[in-house]
Amino acid sequence: MPKVYVLKVPEFAGLIESARNKPGCTIRSVGESYLCIQSDRPIKFLRREMGIGPAVWYGAFTGGIEGRLVDFGREEVTLVDA
Amino acid sequence: MSTLANPKDSTPSAQTASILALEGVHHTARPTWKLAETVHFYRDVMGLKICHAITAKGWGPEDHPDFLHFFFESGNGSTIAFFYYLGSERPADSVTWDHWLYRSVHTAWRVLDRRTLMEWKERLESFGYKVMVVRHEILESIYVTDPNDYMIEISWQMRSLGRNDAVDATLTLEAAIDIEKETSRPVQVIDDIWRAKSRLVEQHAAAGADPDA
């Protein structure tokens with residue numbers, strides 16, 4: 001089950017907002033500093049959907065992941081089970 | 001030589017971080033082999049005041065004993081400095097000066113807002129310099145290359161840093177160091193750090209404490 005940990009800071013809020021509308025995704029708090037996006041299927045992230053620029057995109061998963069990133073490009077990536 | 005700034009504060013309780021605090025950057029220094037071009041760029045293009053210069057005889061090694069060491073003001077008491085080693089030539093390098101090995105070493109100056117940043121961009125472009133703009137996580141920056149091929153960055157910080165930032169940075173570095181200890185080699189791909197960090201984030205949350213506490 002792929003997971004993305006997202007630090008609670010403004011520049012990464014787009015990950016959370018984009019995940020809210022994705023089927024199979026749930027979001028929970030992890031301590032005071034992080035949220036976790038968890039999905040029962042592969043999660044596809046689109047940079048423009050998250051509303052972030054290229055520099056932030058390249059570090060968008062800095063909070064941590066469970067799973068494997070496939071087809072990581074400038075505009076989209078999919079997180080699948082490891 | 002005493003390391004105590006204030007002898008009156010020399011009680012054991014005071015011999016901690018308070019007397020070891022730093023007060024910001026005084027100067028960064030790099031060598032130059034382009035004296036006139038460097039002075040032109042920092043004084044005339046950047047508009048920084050020349051504030052100090054040292055002329056030394058016989059202090060350097062035998063093949064270039066004399067040098068100039070000169071400083072430009074860069075705000076809030078900070079300066080940027082250069083060494084001009086007389087009679088020397090830039091040593092041969094195994095990589096060119098536009099290689100990432102050198103371009104990663106840079107000075108970044110702070111301005112207070114985006115309007116000022118864009119005014120700096122316009123100023124540099126008016127002198128014919130190519131300026132790159134990058135919006136990072138907490139910084140929006142412009143970049144320009146000086147006559148020495150040194151990268152110069154000017155940034156405004158879009159938000160203040162808080163506890164979450166410190167927690168996250170600590171866990172990132174801890175994840176990377178853990179991998180290197182476990183594998184006995186430098187970490188190779190960022191995905192490994194991100195996966196290791198997810199475990200640390202869960203542990204951190206379960207412990208309910210700062211990782212560096």
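Reader: Which residues does A:Val6 touch, leaving out those up to four places away in sequence?
Author: A:Val6 touches A:Phe12, A:Leu15, A:Ile16, A:Tyr34, A:Leu35, A:Ile37 and A:Gly63. Contact means C-beta atoms, placed from the backbone, within 7 Å. This is a predicted model: local features need pLDDT of at least 70, side-chain atom pairs need 80 or more, and totals for chains, interfaces and linings use all residues. Residues are numbered from 1 along each chain as written, with chains lettered from A and ligands numbered from 1 in written order.

Reader: How many residues has the largest nonpolar core?
Author: It has 24 residues. A:Val6 is among those with the most contacts inside it, as are A:Val4 and A:Tyr5. Such a core joins buried Ala, Val, Leu, Ile, Met, Phe, Trp, Tyr and Cys through C-beta atoms within 7 Å. Buried means 20 or more other C-beta atoms within 10 Å of the residue's own, these atoms being placed from the backbone.

Reader: Which elements of chain B give two or more residues to this core?
Author: α5 (163-183) and α6 (190-207) of chain B. Helices are DSSP runs (H or I, at least four residues), strands likewise (E, at least two), numbered from the N terminus.

Reader: What lies apart from that core?
Author: Another core, of 10 residues, including B:Tyr42 and B:Phe70.

Reader: New topic. How many residues does each chain give to the contact?
Author: Chain A gives 22 and chain B gives 20. β1(A) gives the most to chain A's side, with three residues.

Reader: And how is chain B divided?
Author: Into domain 1 (25-92), domain 2 (95-160) and domain 3 (163-207). The bounds come from an automatic or database domain assignment.

Notes
A residue is buried if 20 or more other C-beta atoms lie within 10 Å of its own, exposed if 12 or fewer, and partly exposed in between; C-beta atoms are placed from the backbone. Two residues are in contact if their C-beta atoms, placed from the backbone, lie within 7 Å.
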